[in-house]
Amino acid sequence: MANTKSAQKQVRNSYRKWLYNRRVLGKMRGAVQMVNQAIDEGDAEQAKTLMSRAASQLDKAAKKNVIHHKKAARLKSRLMTKISALEK
């Protein structure tokens with residue numbers, strides 16, 4: 001348990017940030033998971049439509065500093081590579 005008043009405030013703030021980051025990460029992971037599921041099923045059209053939502057969620061998470069912007073770019077690139085391979 002925190003001893004000083006400022007340490008107690010820091011605990012409260014870090015908990016709020018944890019909840020916020022958890023919500024943003026959950027939306028992001030869900031969107032990416034839906035794209036991966038469509039790819040596994042072999043449905044390129046569905047994967048393409050879901051990819052726009054996943055890219056948006058990745059960009060939002062990067063903008064809010066929940067994930068690094070290069071991680072967002074890497075994940076988008078890998079998903080698009082999988083979709084492109086599926087279309088061929």
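Is W18 buried, exposed or partly exposed? W18 is partly exposed, with a relative accessible area of 45%; here buried means under 20% relative accessible area, exposed over 50%, and partly exposed in between (1.4 Å probe, protein chains only).

1. Basis of the note. This is a predicted model, in which local features need pLDDT of at least 70 and side-chain atom pairs count only at pLDDT 80 or more, whereas totals for chains, interfaces and linings use all residues. Residues are numbered from 1 along each chain as its sequence is written, and side-chain values use heavy atoms, with hydrogens and water left out.

2. Fold. The protein has three helices and zero strands, arranged along the sequence as α-α-α. Helices (H or I, at least four residues) and strands (E, at least two) are DSSP runs, numbered from the N terminus.

3. Overall dimensions. Along the principal axes, the C-alpha atoms fill a box of roughly 60 × 20 × 15 Å.

4. Burial and contacts. Of the 88 residues, 27% count as buried. Among contacts (heavy atoms within 4.5 Å) between residues at least 6 apart in sequence, 58% join residues at least 24 apart.

5. Surface and charge. Carbon and sulfur atoms account for 51% of an accessible surface of about 6,600 Å², computed by the Shrake-Rupley method with a 1.4 Å probe. The protein carries 21 positive and 6 negative charges, whose mean positions are 22 Å apart. Lys and Arg count as positive and Asp and Glu as negative, without His and the chain ends; each charge is placed at NZ of Lys, CZ of Arg, CG of Asp or CD of Glu.

6. Aromatic pair. One aromatic pair is found in a search of the whole structure. Y15 and W18 form this stacked pair, at 5.8 Å centre to centre and with 25° between the planes. Rings of Phe, Tyr and Trp (its six-membered ring) pair if their centres lie within 6.5 Å; planes under 30 degrees apart count as stacked, over 60 as edge-to-face and the rest as tilted. Y15 and W18 are separated by about one helical turn because they lie three residues apart in helix α1 (residues 5-41). Y15 is partly exposed, with a relative accessible area of 49%.

7. Residue T49. T49 lies in helix α2 (residues 44-63) and is exposed, with a relative accessible area of 54%.
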